[in-house]
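Here's a quick tour to read with the model open beside you.

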Amino acid sequence: MTTRPRTAIGRTLQTLLLTSLVGTIAHAQDVTSFSRTTNPLTSAQQGTLETFVSNGIRGLKSDSNETVMDARARMVEPLRRTGTSPVFRESFGKLFVQEARQMLEGSEVVPVFNYANVCQVLAFIRTGESNEFLASILQPGIVSGPGNAPASGRRLSAASMLAVSIRTTDPERIRPRQFNSIMRSVVMGAEQADSWAVLQREFEILESIASNPEVKEDIRQAAVENQIKVMKATTERIARGEELTLVRALSPMVLTLRGQYIRLEGAIRRTFNREVENALREILAAGASSWKPLHEQDELERIYGDTIEQATVLMRLIDGGGSAPSGVDPAAAWRDGDESGYESALKSWS
């Protein structure tokens with residue numbers, strides 16, 4: 001083939017690519033033009049939005065990482081604009097969740113990279129439905145994959161993005177039923193988590209709900225109760241010697257509770273105090289139950305020692321900031337490897 005035909009073919013391909021790019025940009029601009037509307041979308045606007053979302057989903061399915069990232073950037077652009085209206089978010093979210101559900105819950109395994117980018121778009125939508133869908137991914141059995149690592153990677157993407165989304169979504173956009181559904185999915189996932197990183201994000205999601213003064217009080221109280229439910233379930237698994245690496249999540253949980261205690265007031269503080277004390281005592285008891293396996297691993301021994309110390313500090317705060325019970329300090333006995341001293345200390349903290 002001569003140089004001239006090759007040049008002609010190259011120019012043709014460039015023209016086709018430019019035409020496609022211009023068309024995509026036009027769709028993005030059309031969507032942006034009505035992203036601040038407070039009126040129901042017209043049929044023309046709805047059609048434009050449907051095309052925009054379909055094109056975006058097609059890009060998010062791509063085998064090319066660059067194409068996936070470009071698709072994600074285009075999708076979130078109108079959602080990041082100042083003044084984007086709830087009307088637009090609801091319409092966008094309904095369409096995107098519908099297509100994302102088909103993509104993520106289909107028979108084909110979605111690569112972790114694609115999964116993560118879909119979850120990022122969901123985090124920018126910020127509606128009750130988008131948060132509820134992200135939470136549903138955390139339920140046991142929802143995420144499939146050839147091995148635990150890919151499944152954990154997908155759950156970590158969903159949990160991380162839900163932790164961001166739940167903090168930035170206007171609580172008025174999430175109905176009580178949706179809050180309850182979100183918390184139920186999070187707890188179901190956390191009770192069977194095999195990844196400490198996923199578990200930590202799930203706990204943070206519940207904390208964000210519990211600590212948000214703009215959320216209705218009964219929902220906040222339910223979130224506190226679910227936090228303790230997750231922590232107790234984790235502690236029980238550690239006490240049985242199961243999934244000991246979850247110790248890595250338990251320490252941040254206690255630190256999170258300490259920060260909550262300082263910020264909470266009124267009835268929610270009373271709920272917190274009532275629920276937390278028993279859970280903290282169970283952490284101390286789990287140390288005795290799993291003394292040997294935890295002391296066989298230097299890092300886990302150190303982390304659990306920190307957790308014990310944090311738990312006793314928080315227990316003292318809840319009790320009014322008084323002095324520690326007389327006798328051996330459980331954290332000191334733990335670090336010294338003094339098992340009998342630790343068991344003796346537990347009696348004074350019970």
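Predicted model: local features only at pLDDT ≥ 70, side-chain atom pairs only at ≥ 80, totals over all residues.

Residues are numbered from 1 along each chain as its sequence is written, and side-chain values use heavy atoms, with hydrogens and water left out.

**Aromatic pairs**
- There are 9 aromatic pairs in the structure (Phe, Tyr or Trp rings, six-membered ring for Trp, with centres within 6.5 Å; planes under 30 degrees apart are stacked, over 60 edge-to-face, the rest tilted).
- F88 and F92 make a tilted pair, with 5.9 Å centre to centre and 45° between the planes.
- F88 and F92 sit about one helical turn apart, because they are 4 residues apart in helix α4 (residues 86-104) (helices are DSSP runs of H or I, at least four residues, numbered from the N terminus).
- Y304 and W334 are also a tilted pair, at 5.4 Å centre to centre and 45° between the planes.
- Y304 is in helix α14 (residues 298-318) and W334 in helix α15 (residues 330-336), so this pair ties together parts 30 residues apart in sequence.
- F34, F52, F88, F92 and F96 form one aromatic cluster.

**A buried helix**
- In helix α6 (residues 128-136), 8 of the 9 residues are buried, so the rest of the structure largely encloses this helix (buried is under 20% relative accessible area, exposed over 50%, partly exposed in between, with a 1.4 Å probe and protein chains only).
- Among the buried residues of α6 are F133 and L134.

**Surface**
- E343 is in helix α16 (residues 339-349) and counts as partly exposed at 39% relative accessibility.

Note on methods: Helix = DSSP H or I, 4+ residues; strand = E, 2+ residues; numbered from the N terminus.
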